[in-house]
Every structure is written in C-alpha cells, then in structure tokens.
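Here are my notes on the model you sent over. Have the structure open while you go through them.

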Amino acid sequence: MKEYIRYWIYRSSLPAEECREFTWEKYCQLLNIDPVATKLKAKKAFGVVFTFLFLLLLISVRF
C-alpha cells in the first residue's frame, strides 16, 4: 500500500503531459518491482484498514 501511495504522490508531481503517460507499470519498472503482486498487496492492505475502520465505526456508534 505504501508503494501505491508513493506512486500517486510521484505522479501528481509530474507535468500534465507526463502524468498521462506515466502508468503503474512504468513506475514499477523504475523501481524493479512486480506490478501485479504489489498492487494486489496494496488492495489487501486497504481492505484490512477499511474493514478495521468500519468495525470501529460500528462499535463507536453502538455505544
């Protein structure tokens, strides 16, 4: 998840034309990491955080 957030921060700092052409796969090639495995790991981490926050919200509303 950390790499995916860094990708969006880096991408947002680029000029508009470069930003359109800069994909997740290009970012992963620069860092020499597997794009599919890293994105899957980020989705799992987001799911865990989202679930935890949702459950925390339910508990806080209930009490």
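1. Let's start at N32, which sits in the loop between helix 3 (24–31) and helix 4. Helices here are DSSP runs of H or I with at least four residues, strands are E runs of at least two, and both are numbered from the N terminus. N32 has a phi near 60°, a positive value in a residue other than glycine. For context, most residues other than glycine have a negative phi. N32 counts as exposed because its relative accessibility is 71%; the cut-offs are under 20% relative accessible area for buried, over 50% for exposed and partly exposed in between (1.4 Å probe, protein chains only).

2. A word on where this comes from: the model is predicted, so local features need pLDDT of at least 70 and side-chain atom pairs count only at pLDDT 80 or more, while totals for chains, interfaces and linings use all residues. Residues are numbered from 1 along each chain as its sequence is written, and side-chain values use heavy atoms, with hydrogens and water left out.

3. Next, T38, in helix 4 (residues 35–62). Is T38 buried or exposed? T38 is buried, because its relative accessible area is 15%. A polar atom of the T38 side chain lies 2.6 Å from the backbone oxygen of D34. Leaving aside residues up to four places away in sequence, T38 touches E3, W24 and I33 (contact means heavy atoms within 4.5 Å).

4. Over in helix 1 (residues 2–12) you'll find R6. R6 counts as partly exposed because its relative accessibility is 42%. Its C-alpha atom is 11 Å from that of A42, and R6 and A42 are 36 residues apart along the chain.

5. Now the whole chain. The secondary structure is four helices and zero strands, in the order α-α-α-α. Along its principal axes, the C-alpha trace spans about 50 × 25 × 15 Å.

6. Last, the surface. Buried residues make up 16% of the 63 residues. The chain exposes about 5,400 Å², with carbon and sulfur atoms supplying 68% of it (Shrake-Rupley method, 1.4 Å probe). The 10 positive and 6 negative charges have mean positions 13 Å apart, counting Lys and Arg as positive and Asp and Glu as negative, without His or the chain ends. Each charge is placed at NZ of Lys, CZ of Arg, CG of Asp or CD of Glu.

Methods:
Polar contact = N/O pair within 3.5 Å; in protein donor to acceptor, adjacent residues only side chain to side chain.
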